[in-house]
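Please read the numbered points alongside the model.

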Amino acid sequence: MRGRAVSSLMSGSLYVFVKALPTAAVTVESPEGPYYPGDEVTLRCDIAEYTDWYWYYWRRGNDNIPNQNKQSITIAHPDQAGQYQYTCEGSRQNRPKTSQHSTPVSVSVRAFPVPTLTVQPSPVFTGETVTLTCGIQPSSGWTYQWNILGSIKPSETNTYIISRATVSDQGEYWCYGVRDRSRKSTYYSSTVQFTVNALPLATLTVEPQSPVFTGENVTLKCVIESLSGWIYKWYKESSRTPVSEGNTFTIRGAAESHKGQYWCQGEKRHRPTSSQPSRRITLDVKDSKPKLTLTPGHQLLKGDSVTLRCELGVSSDLVFYWYRNTQTSDPLNQTDGNSYSISSVKVSDGGQYWCRARRGDPVFYTQYSDAAEIKFTDAGSSTLVVAVGVVMGLLVAFALVILLVLLYRSKKAKGSVSVTPNLGPQQSNSHSTTSQNRVFGGAVAGTGDVVYAEIELKDTDEKKKEAKRRATMSNTLYSLLRPVKSAVSDGGGDRSSDVTYANAK
């Protein structure tokens, strides 16, 4: 076969198909983003061809993720924010033994946000509801921690509510968020400090000042200095039903029914919706008829001084008018005080007097008082009365002196004598043997009968007895009392005198 070109017949055609390896695909199963450092995420690697893949390889960027060989894995994102690429591939025992690498899936990990703390409303007034909001966007996936005046309080929501704020709620507040998935915390919010302001105060004034007179007009005014748009309401006693509206409340013709406590308060549509209530003023209504008095009295002598007083029970801002004999528009006098004096009265000053008062603008006049009359007493009659009084006084004094002398002598004799009644002359005879030691006295009965009393000395010393007997006889005092009216005997004869004798030792 040398030298000859020899070739075989061509074989039959053989077609070789080169098939690409199966392709893996990564999907994020849960949860949806956004993602923050430390958040967990579940990834799945799917290979369409074949079903006997038993080993999976996972990579983050160029780095293998250790200890993760399942088709579905749950891993935590890195602690640093950034953009991370995840890929996977599968392995099997038969051909093809591996799959292609998946196309990278990009997952964005955000940095932790700084919460924004806000306070509503602002400014804060006493009694208002205050809402603090800890803002983190997006707001889902967080729990919240609140620093409330130095105390940490957890909350499931991003709001903290203070009901009916008071001054004690003033202070510093801040918050931060805690991630549900990783339990990692955000940065702290900025510190917020708010002040609880007192509600604007309603100021009440009244003109004229209480007490007021029946029939007088009374004007009450309510003013709130801060803010605007107030609607003023007036209240009486403890009732919450307004008796009037407007910054001025006028009572025309005050009466007993207007007595009581009044106060006002402002209201408005926008916060603060109410002011502090004003102070309470007590309105007292007094009778407008004065009482006129004279000092020293109504009966006077020429030259005496007299003071007229107009009593009303109210003294502020009053001018008093004085009238004599007629109630005319032209008064006798006018004073700023409630008294009017005449230093030396004359006959022409006699007569009836009235008073009344006025105050305010427009002017209010009280009623007229009842009349008080100045009368004059005759000087001669007065002198006679004085003289009679002096004589009677001397007589009474003289009688008192006599009575005191009698009492003195009676006390001097006490303790040394005893009194034995003697009813008749018969008995005096039976005691004649001892008459030297006895002293007799008599008392007059209404018809002239005489009643005797026997006084017996009790001393045991005979010498002393005799001395006392003589002293007794020498010191005996008799008094004769003459009644003003004398008794007349039945026969119309001589008058019988009633005589009383008293023997005092």
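**Notes on the model**

1. An open sheet is built from three strands in the order β18-β20-β23, with antiparallel pairing. Strands here are DSSP runs of E with at least two residues, numbered from the N terminus, and two strands pair if DSSP finds at least two bridges between them. At the edges lie β18 (202–207) and β23 (248–251), each of which pairs on one side only. From one strand to the next, the twist averages 15 degrees; axes are lines fitted to C-alpha atoms, and angles run from 0 to 180 degrees between N-to-C directions.

2. The model is predicted: local features need pLDDT of at least 70 and side-chain atom pairs count only at pLDDT 80 or more, while totals for chains, interfaces and linings use all residues. Residues are numbered from 1 along each chain as its sequence is written, and side-chain values use heavy atoms, with hydrogens and water left out.

3. Within the sheet of point 1, β18 and β20 (residues 218–224) run antiparallel and are joined by six bridges. Glu207 has Thr219 of β20 as its bridge partner.

4. The largest nonpolar core has 21 residues, of which Leu292, Val306, Leu308, Leu318, Phe320 and Trp322 touch the most other members. Such a core is a set of buried Ala, Val, Leu, Ile, Met, Phe, Trp, Tyr and Cys residues joined through side-chain atoms within 4.5 Å. At least two residues of this core come from each of β27 (291–295), β29 (306–311), β30 (319–324), β32 (339–342), β33 (351–359) and β35 (372–376).

5. Two pairings involve β35. Strand β28 (residues 299–300) runs parallel to β35 and is joined to it by two bridges, with Leu300 opposite Phe376. By contrast, β33 and β35 run antiparallel, with three bridges between them; here Tyr353 stands opposite Ala372.

6. Why does Pro115 count as buried? The reason is its relative accessibility of 3%, since buried means under 20% relative accessible area, exposed over 50% and partly exposed in between (1.4 Å probe, protein chains only). Pro115 sits in the loop between β8 (105–109) and β9 (116–120). Setting aside neighbours within four places in sequence, its contacts (heavy atoms within 4.5 Å) include Cys134, Ile136, Cys175, Tyr176 and Tyr188. Trp174 is 59 residues from Pro115 along the chain, and their C-alpha atoms are separated by 9.2 Å.

7. Thr42 belongs to strand β2 (residues 40–47). Thr42 counts as buried because its relative accessibility is 13%. Its side chain makes a polar contact of 2.9 Å with that of Thr74. A polar contact is a pair of N or O atoms within 3.5 Å; within protein, one must be able to donate a hydrogen and the other to accept it, and residues adjacent in sequence count only if both atoms are side-chain atoms. Not counting residues up to four places away in sequence, Thr42 touches Thr27, Val28, Glu29, Ser30, Ser72, Ile73 and Thr74.

8. Ser155 is found in strand β13 (residues 151–155). With a relative accessible area of 15%, Ser155 is buried. A polar atom of the Ser155 side chain lies 3.0 Å from the backbone oxygen of Thr157. Apart from neighbours within four places in sequence, Ser155 is in contact with Thr143, Tyr144 and Trp146.

Methods
Helix = DSSP H or I, 4+ residues; strand = E, 2+ residues; numbered from the N terminus.
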